[in-house]
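Open the structure in your viewer and keep the selection tool ready.

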Amino acid sequence: MTESVKFTLPEDRIPKAWYNIAADLPAPLPPVLHPGTGAPIGPDDLAPLFPMALILQEVSTDREIEIPEPVREIYRQWRPAPLFRARRLEKALQTPAKIYYKYEGVSPTGSHKPNTAVAQAFYNKDAGIHRITTETGAGQWGSSLAFAGAIFGIDIDVYMVRVSFEQKPYRKALMEAFGARCVASPSTETASGRAILEKNPNSTGSLGIAISEAVEMAAQRDDTKYALGSVLNHVLLHQTVAGIEAIEQMEMAGDYPDVLVGCTGGGSNFAGLVNPFLGRQLRGGEKVRVVAVEPAACPSLTRGKYAYDFGDTGHLTPLVKMHTLGSTFVPPGFHAGGLRYHGMAPLVSHLHQLGLIEATAYMQKECFAAGVQFARAEGIVPAPEATHAVKGAIEEALRCKAEGKSETILFNLCGHGHFDMQAYTDYHAGKLTDQSYDESELAMALAGLPSVNE
Ligand SMILES: *Cc1c(COP(=O)(O)O)cnc(C)c1O
């Protein structure tokens with residue numbers, strides 16, 4: 001049997017526009033609020049942090065937003081990204097389901113992150129910005145922005161969550177190879193970092209803390225802006241190239257997904273795959289079931305509260321309505337560093353609230369087991385974050401087997417794990433544990449939600 005397993009689009013099929021689901025939502029997103037006044041903020045309030053082009057994308061309700069030609073030009077290095085059918089995995093699972101995956105690990109840094117890093121660097125360059133500060137968890141975002149900074153000639157300063165800084169030294173080497181500076185967070189460079197270290201000199205850090213550090217540095221200088229690798233509307237927007245391509249590739253395969261699966265840290269790779277499909281559904285097209293998979297040790301969608309909260313621990317950001325574990329919540333140091341954020345993208349939270357998506361959570365060991373099973377069948381070692389999507393897809397395939405259904409499953413394999421092999425070494429040595437978050441710490445973090453919720 002020689003049925004195709006790989007669906008490749010020609011270069012001229014790189015999307016010409018990103019898809020903005022805000023145009024098709026049955027109810028608009030709740031407004032972003034000023035933390036001092038509790039009133040909705042406007043574009044000018046965000047101007048110290050982001051170039052205006054990105055702020056306008058953040059609040060846009062246009063269905064299509066044109067991708068600048070210089071950005072498409074750079075996308076050509078790895079886009080359109082391939083879509084595969086996982087025939088050997090299907091066989092290993094003995095499932096009647098068909099499993100497809102969109103593979104974003106073909107980018108220069110091995111994940112979906114450059115889809116937005118390149119776009120953000122482009123708009124910053126266009127606005128005359130010379131330096132961008134940012135945070136990074138596992139280092140995927142820091143290295144992607146470093147890559148984009150090298151292309152556009154922008155200095156990049158990265159605050160990297162300390163636990164990952166120590167677990168993943170090669171990510172820092174990659175950032176430095178691209179010319180960026182990478183500092184372990186919390187650091188002594190910022191007031192927010194020093195405040196944390198004073199209370200807890202051994203702090204392992206968190207994305208919320210690293211964001212405070214990066215925002216603080218950007219707010220101080222006119223030639224410096226801040227960039228975020230997930231969560232915000234414009235970031236999710238840039239990631240829709242994956243879903244737009246996937247719709248066309250599923251057509252090539254003569255199929256359409258019944259179920260979509262993605263892992264969720266801040267929600268960007270997930271939304272990038274699913275939003276174009278959900279848009280079709282919202283405009284009266286095919287219905288899809290959509291499953292978000294998150295780590296059980298940092299379960300914002302399944303255990304968090306849908307409430308206004310700060311995006312960072314130091315409370316420098318505006319208030320956004322999202323599923324949150326509380327901005328002071330520090331998750332345990334499990335290996336999927338990219339999934340250790342206390343909140344979920346407001347847009348993904350909103351989709352969940354509207355009943356358009358489901359959410360589920362898994363422990364890290366069962367995710368690594370799924371990652372290993374996938375690697376042995378398909379030859380790609382997934383990033384620790386991506387193993388959550390693999391686990392979710394395998395569970396759906398096994399459900400199909402139990403129910404005798406031949407559904408079509410599509411998931412986002414958002415990155416490879418070549419910089420995370422220490423995690424696989426630990427897994428095989430039996431050293432990985434299923435860490436739970438501290439219930440009392442969660443209760444405390446939730447009790448500290450801003451008063452605008454009352
Ligand atoms: C950063 C990252 C994630 C988590 O971020 P999202 O915005 O939820 O996509 C997931 N997987 C990989 C490979 C990442 O690099």
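This is a predicted model: local features need pLDDT of at least 70, side-chain atom pairs count only at pLDDT 80 or more; totals for chains, interfaces and linings use all residues.

**Stop 1: the largest cavity**

The structure holds two cavities of 30 Å³ or more. Begin with the largest cavity, which has a volume of about 330 Å³. Select Lys-113, Gly-229, Ser-230, Gly-266 and Gly-338; of the 30 lining residues, these are the closest to the centre of the cavity.

Next, colour strand 6 (131-136), helix 6 (140-152), helix 10 (207-219) and helix 13 (268-282), each of which supplies at least two residues of this lining. By class, the lining of the largest cavity has eleven nonpolar, 16 polar and three charged residues.

Why does the largest cavity lie between domain 1 and domain 2? Colour domain 1 (5-13 + 76-110 + 234-447) and domain 2 (111-231) separately: both give residues to the lining, so the cavity lies between them.

**Stop 2: the ligand**

Now show the ligand and the 17 residues around it, of which Lys-113, Ser-230, Gly-265, Ser-268 and Asn-269 come nearest.

Then look at the oxygen atoms of the ligand. A polar side-chain atom of Ser-268 is 2.6 Å from a ligand oxygen. For Asn-269, an N or O atom in the side chain lies 2.7 Å from an oxygen atom of the ligand. On its own, the ligand has 380 Å² of accessible area, and the protein covers 97% of it.

**Stop 3: the second largest cavity**

Select Pro-295, Ala-296, Ala-297, Phe-334, Tyr-362, Met-363, Gln-364, His-388 and Gln-435, which line the second largest cavity. This cavity has a volume of about 50 Å³. Its lining consists of six nonpolar and three polar residues, with no charged ones.

**Stop 4: the largest pocket**

Finish with the largest pocket, whose volume is about 810 Å³. Select Val-32, Glu-58, Leu-232, Asn-233 and Val-320, which lie nearest its centre among the 46 lining residues.

Which helix gives the most to the lining of the largest pocket? Helix 2 does, with five residues. Other elements that each supply at least two residues include helix 11 (233-238), strand 13 (319-324) and helix 15 (346-353). The lining of the largest pocket has 33 nonpolar, eleven polar and two charged residues.

Return to the domain colours: domain 1 and domain 2 both give residues to the lining of the largest pocket, so the pocket lies between them.

Technical notes: Residues are numbered from 1 along each chain as its sequence is written. Side-chain values use heavy atoms; hydrogens and water are left out. On a 1 Å grid over the protein atoms alone, a cavity is a set of points where a 1.4 Å probe fits but cannot get out, and a pocket is an open set with protein on both sides within 12 Å along at least five of seven lines; lining residues have an atom within 4 Å of a point. Grid points are joined across faces, edges and corners, and a volume is the space filled by probe spheres set on the points. Helices (H or I, at least four residues) and strands (E, at least two) are DSSP runs, numbered from the N terminus. Ala, Val, Leu, Ile, Met, Phe, Trp, Tyr, Cys and Pro count as nonpolar, Asp, Glu, Lys and Arg as charged, and the others, Gly among them, as polar. Domain bounds come from an automatic or database domain assignment. A residue is near a molecule or strand if one of its heavy atoms lies within 4 Å of it. A polar contact is a pair of N or O atoms within 3.5 Å; within protein, one must be able to donate a hydrogen and the other to accept it, and residues adjacent in sequence count only if both atoms are side-chain atoms. Accessible areas come from the Shrake-Rupley method with a 1.4 Å probe; for residues, only the protein chains shown count as cover.
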